[in-house]
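Me: I would like to go through some of the strand pairing in this structure, one question at a time. Please show it first.

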Amino acid sequence: MMTQDLCKQQCAEQKFTYIGLMNGSYCLCGNDVSEFEVLDSSLCDAYCSGNSEEICGSNDTNVIYIMETAQIGTVDNISLIINDQVFYTDEAVEIEAIVQANTEFIVTMQFGDGSSYKFLEEPFSLKKYYRVPGEYKVLVSVHDINGINPKLFDETSITVEDRKTRFEIDCPKVVEPETESSCILSVISGTSLTMNFLMSEDEDMSPETEIPDPFFRSVGQPVPPLINGTRGPSVSAEIVHLAYSKVKFKGLLLGFEYYVMEKGKFVLLVLNPTCDSEDYCEDLLECSSSCNPWNTRKCGDDKALCSYISQCVDMEELPRCHQSSSSSRKFKIKHSFDIETADVGYNYFSIPTESSYDVVPGDIIGFKVVESSSLWYRNSTEYEIENGIVDVSDDQELGVLHYLQAVIVEPVSVTLAHIYNKTGDYSISVKLTDLESEYSQNSSLPVQLPLSTVHLEINQINVMVGKEISACITANGSNLILHWDYLGTDEKEVYDDPVPQEGLFKNITCNSGGDYVLSVNVSNLWNSEYVSAEFHCFEPIGKDWSFNSDSPKSTPPGEVIFNLKFDGLELPSSISYVVDFGDGSVSDGTEIASENDEWETSFSHSYDSEGNFNVTLNISNPVDFEIFELTIQIYEKMSNLSVDAFYILSGSYPDDKLELKGKIKTDAPRDSTLYFENNIAGHVTLYKMEFDDGSFDKNFSDNIIQHSFSEIERGDFIPGLNPRSDEYSNEAKSFVILMMF
């Protein structure tokens, strides 16, 4: 369909000066019109087939409508210049476009990360940061403002590396010997890495090995290096939830890219979804009463998995896959970062490396402005609005997308495996090398036998003060830490080797009397066990005791009173005494106790027969004893005393003894010697003879008493005989002696 402009463009492209239009549909080009006759313009009555309001010649084929072509410039070439091919995430990439043209044109750069910038004037250069490592294709295009010239392109590829290499070694708390043990190397950041590692000092460093790069991603609205547009009004909102920012994997937050419209204070947020009564399922990215592991997606037969939103969708309701999260979803703040920006334009906030901030499927990115600060945004397209891809605040769709993007990494894990044959603490060394530097890190891996079957024995429960008890710990395990708690002390011992079969020994000295508990906490990195045993410390009995009685005694009744007294300064504890009375009777044990250190007691025992009895007193505690002995004398009580008197004139007693004379046998010659024979039942200690007139009073040990009267005259004498067995007089006899002269 012909128009005047179309004909002009076609002729201008061929460098012709004039156009000629014929019959509404034909376009002629030329440089010389001097041979043509100029006619009245009314003869040009044919309208253009492509525009009924324009004249395109005449229906008379001999009439041509001639016009001058416009002087259309050309765009001849565009070149993309980048000063290198490999860059790092912390350095700017300088990008420049060089255009050869003789008309007005527009240059557009596309940076390969979803962001772009349109140049309206020279210079066509800028600095661009790539915060996510990877391969990028940078594309630059140019076209004239009239759209006459074809669009020209140039492109180049660049590689962005991460030289902030960061990694961690995670080894088990403890492992068993002779089993495969694994440490996990988690590479959080860094690219183009090689690894060497050493699992034991007895071995050589491993060969250099390439390891995969961590998986870097960004969520949110791509942030351009520059923005050319009219600044819109600030969005007044408490907290803004970003579209395009739903996290779909577990990772760590590295930083935020954002473009500031009004400088000031911001709070950058990671928000976590919440549910009223159910759980938020990381696999479904929605609330449900039944959740699967976060990396498991299960769709029914009538559903299809939409990887864009990681949800099962109805294929009849597409393009639901392109919808963002529901604006009615409830979120709570998971991580927040207070920042203050002094510069308008592109900014980057790097998360401090001394802390780790995790993100999980379902988390979203947001921000909060403080006072008059604001972020740049773009208006959502009609398609985005129809599908709910808009930023949200207070459940209200804002119709815009803010330039804020979070950089997230999913660390890569490498397993370092080894078998250790012996127990001990092993040092794990890992060296990573990137394009510029080397990084080393060490970790320790304890190899221990698990602790089990802990048993505590002591060689004696009762021990004397000043003496030792021996405690023995038997157990299965190695690298034990023993905390001995006894007598008010707490001692720590470390034993690295496996516990020997005979056990581990500890000698403990009793310092003072009392009941005690020996407690031992035995532990290694596998577990701990607590065992205890009681023991008792006793003071020596000592010899500071008095033991006596009121013996001798006679029987019946034969009762003896005994006295026992402590004469020392400090009465021993937990002691008792037992008495063996020597007649086959033994007392029950009697406790000796006092609130102070003074103690004394008395007790009695009755003997049924005469004799000498050895009494044994045993004072004891469980570890000591003292023996004290007494001899008790018991006499038979005297009875049936009779006295027979005899005399001797010459000769010897008893061969020549004569009975007394007289009717009642009371007379004896004046020069005779009298003998008194005492007969009595029972034990006699002495005999006492005395006269009633007091002229004679004497004790005798023999039952035969000899006496000669000093006066040789006739008279009456009344001797009295009194045998004694103790301090008491038991029997007496009196009679009359008549002496002749």
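Reply: In this predicted model, strand β15, which covers residues 180-189, runs antiparallel to β36, and eight bridges join the two. Within this pairing, serine 186 has serine 413 of β36 opposite it.

Me: In what order do the three strands of the open sheet stand, and why is one side of β14 and of β36 left without a neighbour?

Reply: The pairing in this open sheet is antiparallel, and the twist from one strand to the next averages 20°. Because β14 (166-170) and β36 (412-419) stand at the edges, each has a single partner strand, and one side of each therefore lacks a neighbour in the sheet. The order of the three strands is β14-β15-β36.

Me: Which side chains of strand β50 point to the buried face?

Reply: Along β50, which spans residues 575-580, the side chains alternate between two faces.

Me: Which residue is the bridge partner of serine 576 in β53?

Reply: Strand β50 pairs in the antiparallel sense with β51 (residues 590-592) over three bridges, and there isoleucine 575 stands opposite isoleucine 592. With β53 (residues 611-621), β50 also pairs in the antiparallel sense, over five bridges. In β53, the partner of serine 576 is serine 620.

Conventions: Residues are numbered from 1 along each chain as its sequence is written. This is a predicted model: local features need pLDDT of at least 70, side-chain atom pairs count only at pLDDT 80 or more; totals for chains, interfaces and linings use all residues. Side-chain values use heavy atoms; hydrogens and water are left out. Two strands pair if DSSP finds at least two bridges between them. Helices (H or I, at least four residues) and strands (E, at least two) are DSSP runs, numbered from the N terminus. Axes are lines fitted to C-alpha atoms, for helices over the stretch in contact, and angles run from 0 to 180 degrees between N-to-C directions. Buried means under 20% relative accessible area, exposed over 50%, partly exposed in between (1.4 Å probe, protein chains only).
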